[in-house]
Every structure is written in structure tokens, then in C-alpha cells.
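Please read it alongside the sequence and the model.

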Amino acid sequence: MINLLQVENLSKAFGENLLFENVTFGLHQEQKIALIARNGTGKSTLLNIIAGKDIADTGKVSFRKDTSIAFLEQNPVYNPNDQILDHVFYRSDNISKIIRNYEKAINGNDSAKIQTAIEQMDAADAWDYEQKIKEILDKLKIKDFYRTMGTLSGGERRRVALATTLIDKADIIMLDEPTNHLDLEMIDWLEKFLKNEKISLLMVTHDRYFLDNVCDEIIELNREGSYRYKGNYQYYVEKRAERMQQMLAETEKAKNLYRKELEWMRRMPQARATKAKYRIDNFYKIKEKAQQNHGEQTQKLEINTARLGKKILDVLNISKSFGEQKIIDNFTHKFGRKEKIGIVGPNGSGKSTFLNIITGNLAPDTGTVDKGQTVVFGYYTQTGFNLDEDKRMIEVIKEISEIIPVGKNSKLSAAQFLEYFQFPKEKHYNYISKLSGGERKRLYLMTVLMKNPNFLILDEPTNDFDIQTLNVLEEYLKNFDGNVLIVSHDRFFMDKIVEQLFVFEKNGKIFSFPGNYADFRDYKALKEREERKQQKKEKPIAEKKPREKKKFGYKEQKEFQELEALLPELENKKTELEDLMNSGTLNDDELRQKSEEYSKLIEEIDEKEMRWLELSELQNE
């Protein structure tokens, strides 16, 4: 197996704050590795060091000769005057130039330039690459190639940067939180894309479905080093639990031995002097082992909840438009006690607008929102809180309250409350400007929960949180004695919390779905499959309406011939899989694996057959 990257004994600290130490690992060709760590442990810093954008204190990074990297940063750099097209095709290689010229010729509608560009595309055999690029851009909903980067929203720029990284034919792809600013449909597509592509991947993500379905190795970072797990997220959880149990057992043994050695060390100095020096040295090693703190979250998050009366929230026939765009169209829902509801839909479909309407921050055009007298909203927004960067963490908490009630008849000081949320004492007086993105979000969440809400509204709460924080938050929300309304792209998080969905569709339509996101995804896949079957049985008249004339050219002819050769092969493979699954020779794991292969194969056959039909019609026109 070809080794593309070797990281050896990397360490990094900012002042007295040690991020990580002695991190060592390698990345092989077509291997897919994820980095997991608590917020503030330096995951992004490590990626920046590997990419050459930062410098390690110790250690080195080595690449195989001529290895190229494509890196999606958390805050991508861009020229505000560049068009999307120029940003995506930034490379100076010949094929990128040819495709860029082709797209510009099409946009300029100059027949002479179009003909020249087509000839260049044919000569370079660039059509397959161009089609793959179009698929990536389309799936990430990047439509207008001629908008400038400076006119895009933060989420749009992030998606352009992701597309650029995926399009770049690099040997190693590095992704820092790739699912941020993507809607659930995009995330589903990206997961399948990364899983099926033969790429070498190094990724930081808190998306546990991603980790489970894409990665074949997980590296856990902490301040003392790193631990490698040769498997997906489920394997990591199991093996990490075993490792932690073993470490705790070893620490307990060390504590017992430490007590005995401590008695010996406390004897008269004269008695100690007659003993072997190795025993004295060994005492200090045992002491260090016995006093180890593995930093595990053992206590549950427990915050007081204001009493909730019978009437919660009635949303009656609300509608909202911005100009001609309908965002919400005549939606009604009467919230019951302790409902936990998720909100899903494409970016820009009005999810945040809906939350602002029910919290009274925005008025509907028509309809009413009637809140119960006892309802206390706790609203965690995407934009978060705007604080002076020169303020300290403990000042932020004290400005809200010096004493915070938690649990039953318990209270915490501001300092204790910060520790409760896994901020160690040495960080309490850190300035906001020094906090990582995840630490800022955790502090913001504290300010929402400490006001004792009984109706939590969380708009993308999982961005930048580490997995440990997500686990604690999930447990808290499951036991929360009030209502919860969540917008999140984290599918794992949604599946653990919500029991119902508000699904935002086109033209402001919202429908209520009884189940979590996994249930909805299965429902949607079944519905789409039935629609495809129906399309095969009959050709709708609507398909024959006038549309832009397309030519059956060289590119289409080549694709048509390839599909005619490929479809029989796929059908043969399908038959072979069916025979193998029915043979009774497979164990449970093998049968599950073959079933997954079969499902993917069916999807591929459906997709290829639909494309064959399109090309067949085009050929006969």
C-alpha cells in the first residue's frame, strides 16, 4: 500500500496552552481517516500544519514525492472580485483551462468560440470530467457561475470552496468540518460521494453518520498524544470504551499501590536512605499514574426548567413572503406538552424565518401566534451572541447571574458553572477572542440554558461542537422536561432527539411527518423509487412540452454506447448477487455487506436506465 503522508511526533502549543503532543500517523492511498478531539485540542491547527499553513513546535510532516493536496479550510480564503467559475477552475492545468473556456463560450453565446471550445473538449477527452464537475456543482446547489465571490453569503462561499476542493484532482483531500452550511440533502449526497470515490481523505467532522459510513480509520487526539482505531465510528466507540475501562482499572491499581508506597515514603529519612534508590524513583511514577485524570464527562447536564402550564403555543394559519417569494404558506400547529420536533428543508427554505416568527422577533403576514403565559423561550440562534472580544468568559456568565440553580435544590457559582460545562479553571479568565469556534458555541449555549427555559428553540446547535459535548447535550435534551424545536443538519443528533418533523418544501409548504430523520429518509427513498418505476411504465405528456433543443453529438453518442455495454454487465452482477445471497453460504456480516451492495446496485441500474432512455429519445429526435 502506497504511503502518501507521514506525520511524526507533531506537537503544538500557544503559550502555556498545549494543544497536542507527539501526534504520529500515516495516510495511505485510498485510505479515509477522521480526526476526533475535544474543542480546543487543535484539530484545525493540525490540518493547517499538514497543509503548510502553520508550523509545528516539534515533529515533521513528510509527503511522497509529487503528492498534491486539496484543503477545505474552516474559513476559506477568496478574492471577492473572482467569479465562481474562476474560483472553481483556479488550477492552471490544461484541462481546467479548456473547461473554463468552454463554459465562458457557452455563456457568451458566440457560435465560433463555442465550436472551437467543443473541438478542444473533444481533443482533450474532457467531457467526462466536465460532467462530473457539473454533478458536484449541481448537488451543492451552485447555479450561477458568473456571480462574484464577494456577493455570496457565508454558506454559499463555503459550498463553492467545498466544490473547488472536490473538483481539484488532488492526491490527498483534507476537509475541515465539510458538512457545515450544507442542508441534509447535500450531506446525504456528499457522504455517498466520499464513500464511493477512490480518494485519500483526511477529515475533521463531528457528523457521526459520516464517520460511520465514510471513514475506515479514526484518530483520537488529546494533549498527551493520539490513539488510532482501525474502523468506523461504531468500532471506535466500542474500542474506546474498552480502552477507557482498562485505563481506569490500571489507575485504580496504581492508587492502591500508591497508598502502600506513601506509607513507606513517610517513614524516617534514615529508614528511606537504606532502601534502594529505584524504589523512591518508582514511587513518583506510581504517584503520577494514580493521579491521572482521564477527562471523561461523568455527570449529566442538569439545568432547572421553569414550570410549564397546559397551554404551550398555538401557531394558526401563518403565512410569510419576502417580495414574490413565498416562505410559509398557511401553516398551523398546536404544540402539545414536551413535544420534541425537528425542522428540515433546503437552505433558504425559511426555517430560521419560522423560528423568528414563533419567538416574536418577526411578524407573519397573516395568521396568529399565541403563546402560553408560562412559556419561557430559550432561543439558540445561528448568529449566536455578539460580545466584545476583550471580555473574559467568567464576565459573560456573571453579567447574567452570579449564582445558577441546577438540578434539585442545587446552585453553582459562575466559576463552578463553567467547570460544569467542561471549561477548566485555568480558562475562566480567557478572553473571548482566544476561544475556538466550538468553545464559543458552548459558552453561548450556557447563556441560553442558565435562564431556565421550558421551550428550547435551537437553530443549528451542533456546528463546531465536539462529539463529547454533543453526547452530553443529547442526553440533556432527551430528558428535558419541556418542549424542544430543533433545526439541525446533524442527522445522528436529530435521530436521537426528535419524534416528529416539520418538513419545509417549495413554495412555503410545510408538512408534519411522524418520525425522526432516518424514518423520513426511508420514506423519501421509497417514494422516489416508486416515482421512478412509474416513469418507466409511462411517458408523461408533460415530458413532450417544448424545451431547449439539444444535439446528439459526439459526447452523447459515446455515453450512449458506454451505457449499452454497461447495463447488461450490471444486470449480470445483480443476478450473481441474488444467487449468492440466496445460497445460504454467507454469515450475518457477509449477508449484510452483500445486501448493501445490492441496494447500491439497484440504485445505479435505475439511474443508468433513466439516462439511457433520455439519450435514446435525444438520438431519435
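H5 and H6 are roughly antiparallel to each other (over 145 degrees; under 35 would be roughly parallel, 65 to 115 roughly perpendicular and the rest oblique). Helices here are DSSP runs of H or I, at least four residues, numbered from the N terminus. The model is predicted, so local features need pLDDT of at least 70 and side-chain atom pairs pLDDT 80 or more, while totals for chains, interfaces and linings use all residues. Residues are numbered from 1 along each chain as its sequence is written, and side-chain values use heavy atoms, without hydrogens and water.

**H5 with H6**
- Helix H5 spans residues 127-139 and helix H6 residues 154-167; their axes come within 10 Å and cross at roughly 155°.
- Axes are lines fitted to C-alpha atoms, for helices over the stretch in contact, and angles run from 0 to 180 degrees between N-to-C directions.
- The H5 and H6 crossing is right-handed, meaning that the near helix is turned clockwise from the far one by less than a right angle.
- On the H5 side the contact (heavy atoms within 4.5 Å) is made by Tyr129, Ile133, Ile136 and Leu137, and on the H6 side by Ala163, Leu166 and Ile167.
- This contact of H5 with H6 has seven nonpolar residues, no polar and no charged ones.
- Nonpolar covers Ala, Val, Leu, Ile, Met, Phe, Trp, Tyr, Cys and Pro; charged covers Asp, Glu, Lys and Arg; the others, Gly among them, are polar.

**H5 with H7**
- The axes of H5 and helix H7 (residues 184-196) come within 10 Å, crossing at roughly 145°.
- Lys132, Glu135, Ile136 and Lys139 in H5 meet Met186, Trp189 and Phe193 in H7.
- Four nonpolar, no polar and three charged residues form this contact of H5 with H7.

**H13 with H15**
- Helix H13 (residues 393-400) packs on helix H15 (residues 437-449) at an angle of about 10°, with axes 10 Å apart.
- H13 is therefore roughly parallel to H15.
- Their crossing is right-handed.
- Met393, Val396, Ile397 and Ile400 in H13 meet Leu443, Met446 and Thr447 in H15, giving six nonpolar, one polar and no charged residues.

**Second largest cavity**
- The structure holds four cavities of 30 Å³ or more.
- A cavity is a set of points on a 1 Å grid over the protein atoms alone where a 1.4 Å probe fits but cannot get out, and lining residues have an atom within 4 Å of a point.
- The lining has one nonpolar, one polar and five charged residues.

Note on methods:
Helix = DSSP H or I, 4+ residues; strand = E, 2+ residues; numbered from the N terminus. 1 Å grid on protein atoms, 1.4 Å probe; cavity = no way out; pocket = protein on both sides within 12 Å on 5 of 7 lines; lining within 4 Å. Points joined across faces, edges and corners; volume = space filled by probe spheres on them.
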